[in-house]
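Let's take a walk through this model together, from its overall layout down to a single residue. Keep the viewer open as you read.

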Amino acid sequence: MTTTTLTWPSAGESFREPQAAGRRITIFHCASAIGGITLSEDNSELRTVNMPCSSLTREVVLLKAFEAGADAVVVLVCPEGACHYLEGNIRARKRVAKVKKLLDEIGLDGRRLNIYNISPGDRSAVESIIGQTVSDLVALGPSPAC
Amino acid sequence: MIVGQQKSMAEIKEKLGPFSRVLLLGCGTCVKTCFAGGEDEVATLAAALRLAFRKDGKNTIIDELTIERQCEDEFIKEAAAAIARNEAVLSLACGAGVQMVASRFGKVPVLPGVDTTFLGVLEKQGLFTEKCLGCGNCIVDTFSGVCPISRCAKKLLNGPCGGSRGGKCEVNPGTDCAWQIIIDRAKESGQTDRLKAYIPPRDWRTSYSGGSRQLYREDHVI
C-alpha cells in the first residue's frame, strides 16, 4: 500500500507563527478511514489521534481535546455502511452530536466540533476538511475556554 | 434498577457556582446502567464543567470519584478523603444515595446532580421503562405478570376501563394499555378465568403514602 504523507500547512502561513493562535485543531481519525494517509504533526497547531475504530470517540475524549487547548476538533470516520467494525461510525456520530450540544450549552459553540465520513486514502477530502475547519475558525475565533 | 436522568448543564453549573473546589461523586450501580451518573458520566461532566468555568474566567477545581454504590456505608467511607478536600459534593447517585452521603458528611453541602425517576428495566437499546412503584404488596401473578399499579394510568385492579383504543392507553396514548396486555397474556396461558375474580380495595398502608418506610432484617444483624 502506498503511503502518502499529508503535512499541514501545504502552503501559505506557518502555524508556528503567533498569529496562528486560535487555529489549534485536534483530529481524531479512524485508522481505516485514513487509509494510507499519514497526518504529520509538523507544527504546533495540529494534533492527531489515531483510533483503531471511531467507536472510541467517547464524549470525554472529545471534551479533553478542548481542555487541552483545541480551538476545533475534527473526527474522521469511515463512510456510512462501511465501518470495519460495523457500528463504530454510527456511535461516533451520535457522540459527536451529543458533545456539540454540550458545547453549545456551555457557550463554546458546537460548530467547533465536526465529524466527516471519508473514503480510505482520500487525500483531497482530508485537505479540504482541514481547510474548511481553519476557515470556520476565522469566524469562530479562539476557544473562549483557553 | 433505579432509573435517573442527569440534570441539565445549566442547573448543575448554577448549583456549583458558589464553590471554588467541588467533587463530582459518581455511583457505579443503578445510575451507571442508565448512563446518568457512572464513571463515564462523571468524567464527561467534569470535563464539560472545567471548560464552562474556564470560559467564565473561574478557576473552579473539579475533582472526580466514583464509588460502587452511594447507598451503603461500606462504599461511602471510601469517599471520605475526597469529600474532606472539597467545598461541596455533586452526587450523581439516585435520591437515596444523595441523602446517604449527605447524612454521613453533614458539614459539606451535598448537591443532587441526577433526577431520580422510577424503578424500571431496559426495555430495549436506549429505552428504560417504569415497571414498579414499590407498593409493598406484589400481586403481579394475579395479573399475568403485569402490574396494574405501575402500568395502568388509572391503577385499576378490576380493569379494563374500556377507554383504550388500539391497545393504547386512553390517558396516555403513547403507552400500551396495561389491561390489554394482561388480558392478552391471560388468553395465551389459558387463565382468563382468574380475571373474573373480584379484587377488593387495596390496603395501601404498605405503600409510600405514610412517609419513609423501613425494612428491618434482624436475621442479618450480628
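Chain B is divided into domain 1 (2-118) and domain 2 (136-207), with bounds that come from an automatic or database domain assignment. Between the C-alpha centres of domain 1 of chain B and domain 2 of chain B there are 38 Å. Before going further, please note that this is a predicted model, in which local features need pLDDT of at least 70 and side-chain atom pairs count only at pLDDT 80 or more, while totals for chains, interfaces and linings use all residues. Residues are numbered from 1 along each chain as its sequence is written, and chains are lettered from A and ligands numbered from 1 in the order in which they are written.

Now to the sheet of chain B. Its four strands follow the order β3-β2-β4-β5 in an open, parallel arrangement; helices (H or I, at least four residues) and strands (E, at least two) are DSSP runs, numbered from the N terminus, and two strands pair if DSSP finds at least two bridges between them. Because β3 and β5 (110-112) of chain B each have a single partner strand, they stand at the edges, and one side of each is left without a neighbour in the sheet. On average, neighbouring strands are turned by 25° against each other, direction ignored. Axes here are lines fitted to C-alpha atoms, for helices over the stretch in contact, and angles run from 0 to 180 degrees between N-to-C directions.

Strands β2 (residues 21-27) and β4 (residues 88-91) of chain B run parallel and are joined by four bridges. In one of these strands, β4(B), L90(B) is the bridge partner of L24(B). Across β2, β4 and β5 of chain B lies α1(B), running at about 160° to β4(B).

Next, let's zoom in on T66(B), which sits in strand β3 (residues 61-67) of chain B. Is T66(B) buried or exposed? T66(B) is buried because 22 other C-beta atoms lie within 10 Å; the cut-offs are 20 or more for buried, 12 or fewer for exposed, and partly exposed in between, with C-beta atoms placed from the backbone. Leaving aside residues up to four places away in sequence, T66(B) touches G26(B), C27(B), G28(B), G38(B), E39(B) and V42(B), where contact means C-beta atoms within 7 Å.

Finally, look towards chain A: twelve residues of chain B are in contact with 13 residues of chain A. On the chain B side, α1 (9-16) and α3 (39-55) are the elements that give two or more residues, and α3(B) gives the most, with ten residues.

Conventions:
Contact = placed C-beta atoms within 7 Å.
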